Amino acid sequence: MNDYRLVRFLAIAPLFFLLSCNRLQKPVEKTNAKDLMTIKKDYYGNAGDSNVYLYTLKNNKGLEVAITNYGGIITSILAPDREGHFEDVVLGFDSLGGYLSGHPYFGCIVGRYANRIARGKFELDGKIYKLATNNGPNHLHGGEEGFDKKIWKATDIVKSDSVYLVLEYTSPDGEEGYPGNLDVKVTYVLNNENELKIYYEAQCDKPTPVNLTNHSYFNLAGAGSGNILDHELMIEADKYTVVDETLIPTGELRPVENTPMDFKNSKKIGKDLDQVKGGFDHNFVLNNKGKFSKVAEAFEPISRRVLEVFTSEPGIQFYSGNFLDGTETGKNNKTYHKHYGFCLETQHFPDSPNHPEFPEVILTPGEIYQHQTMYKFSTRKE
Ligand code: GLA
């Protein structure tokens with residue numbers, strides 16, 4: 001470069017820098033004019049050297065779901081009550097910083113294996129695999145740095161009747177001790193029926209256990225407004241997996257009938273909670289026989305908001321927010337105390353790699369791991 005060119009380059013370089021920053025910070029919105037559905041992309045912050053974005057999906061009823069490509073976290077869901085007042089019904093933080101500094105899996109995609117694997121060990125094709133023991137003696141939610149802490153490649157799509165956020169991540173062979181490369185795709189879809197669908201897909205190049213879920217904490221009265229003990233809950237499950245004191249299944253599938261675990265008829269979450277040591281944190285064996293169908297419904301009597309859960313998965317972890325202890329300051333400076341949120345994590349059974357009698361969780365090369373879950377929001381009239 002001669003002197004003249006160098007001077008010219010130095011003069012315009014800052015301009016290019018400013019322009020690119022501006023492009024980074026500037027929200028980009030795509031609209032489907034006919035059905036008034038939008039998806040907006042905002043710069044959300046940085047995780048290390050990577051830019052992180054927040055995608056806001058909105059339908060023609062005004063229901064809004066915000067998702068970041070950091071951990072695939074659903075950061076907010078604005079849903080109407082019976083009077084049409086919108087409230088954020090999931091726990092989380094106001095900004096990326098809250099998620100980066102550690103949290104109990106608010107809203108995220110959990111993997112490679114959601115829930116627990118006893119002693120962080122399993123045997124596959126004669127080989128013992130060792131995983132992190134990050135939950136007492138056990139492995140939980142994919143280990144030290146599970147899918148909840150990864151930056152996912154994001155593609156936003158507007159279709160005629162729905163808006164899509166496609167998230168992709170390749171988990172390398174050996175990551176967190178798991179065998180084989182795993183290509184994962186999670187697609188969030190919002191439509192005008194106030195349905196948020198989540199499609200999970202994965203493919204591997206070596207046999208590996210896979211169990212993916214979303215870990216949203218719901219409070220249908222509004223995040224941070226109080227506890228969820230008056231929510232009424234129904235779960236379509238005749239049985240649950242009995243666990244030991246470290247929450248590992250013993251292998252027994254016990255009928256829920258005449259026990260505090262019976263949610264076949266809707267009842268208040270708080271009704272029998274005291275009879276369950278530590279609170280609800282159990283896998284329910286769903287009656288859906290692997291078919292995509294309604295498996296749970298939660299109802300909040302004051303706002304009259306309803307959340308219905310549909311899935312093709314064989315189990316659901318109902319967790320009553322037992323470990324929330326007021327140390328988390330969430331959105332709008334609200335503090336999340338014990339039982340301020342509940343999770344309905346659709347899944348395969350915990351510790352399945354060590355329970356050959358449970359539905360299969362080993363994915364083999366050439367197979368496609370696939371399942372679908374849907375959260376549907378509505379209100380009850382009377
Ligand atoms: C899951 C587990 C709970 C707890 C939460 C995160 O739901 O089953 O025991 O670990 O995640 O705090």
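Q: What counts as a polar contact here?
A: A polar contact is a pair of N or O atoms within 3.5 Å; within protein, one must be able to donate a hydrogen and the other to accept it, and residues adjacent in sequence count only if both atoms are side-chain atoms.

Q: And what kind of model is this?
A: This is a predicted model, in which local features need pLDDT of at least 70, side-chain atom pairs count only at pLDDT 80 or more, and totals for chains, interfaces and linings use all residues. Residues are numbered from 1 along each chain as its sequence is written, and side-chain values use heavy atoms, with hydrogens and water left out.

Q: How far is the side chain of Glu345 from the ligand oxygen?
A: An N or O atom in the Glu345 side chain is 2.7 Å from an oxygen atom of the ligand.

Q: What about Asp281 and His141?
A: For Asp281, a polar side-chain atom lies 2.3 Å from a ligand oxygen. For His141, an N or O atom of the side chain is 2.9 Å from an oxygen atom of the ligand.

Q: How much of the ligand does the protein cover?
A: On its own the ligand has 310 Å² of accessible area (Shrake-Rupley method, 1.4 Å probe), and the protein covers 95% of that.

Q: Which residues surround the ligand?
A: There are 13 of them (a heavy atom within 4 Å of the ligand), and the closest are Arg116, His141, His215, Asp281 and Glu345. The shell divides into seven nonpolar, three polar and three charged residues.

Q: Changing topic, what is the strand order in the open sheet of nine strands?
A: The order is E12-E13-E14-E15-E30-E24-E23-E18-E21, with antiparallel pairing. Strands are DSSP runs of E, at least two residues, numbered from the N terminus, and two strands pair if DSSP finds at least two bridges between them.

Q: Why is one side of E12 and of E21 left without a neighbour?
A: Strand E12 (153–158) and strand E21 (267–268) stand at the edges and each has a single partner strand, so one side of each lacks a neighbour in the sheet.

Q: How does E12 meet E13?
A: E12 and E13 (residues 162–171) pair in the antiparallel sense over six bridges, and a hairpin of three residues joins E12 to E13. Ile157 has Tyr164 in E13 as its bridge partner.

Q: How many bridges link E15 and E30?
A: Eight bridges link E15 (residues 195–204) and E30 (residues 369–379) in the antiparallel sense. Tyr369 in E30 is the bridge partner of Ala202.

Q: Where is the cis peptide bond?
A: The bond from Gly111 to Arg112 is cis, with omega near 5 degrees. Arg112 is in the loop between strand E7 (109–110) and strand E8 (116–117).

Note on methods:
Helix = DSSP H or I, 4+ residues; strand = E, 2+ residues; numbered from the N terminus. Nonpolar A, V, L, I, M, F, W, Y, C, P; charged D, E, K, R; others polar.
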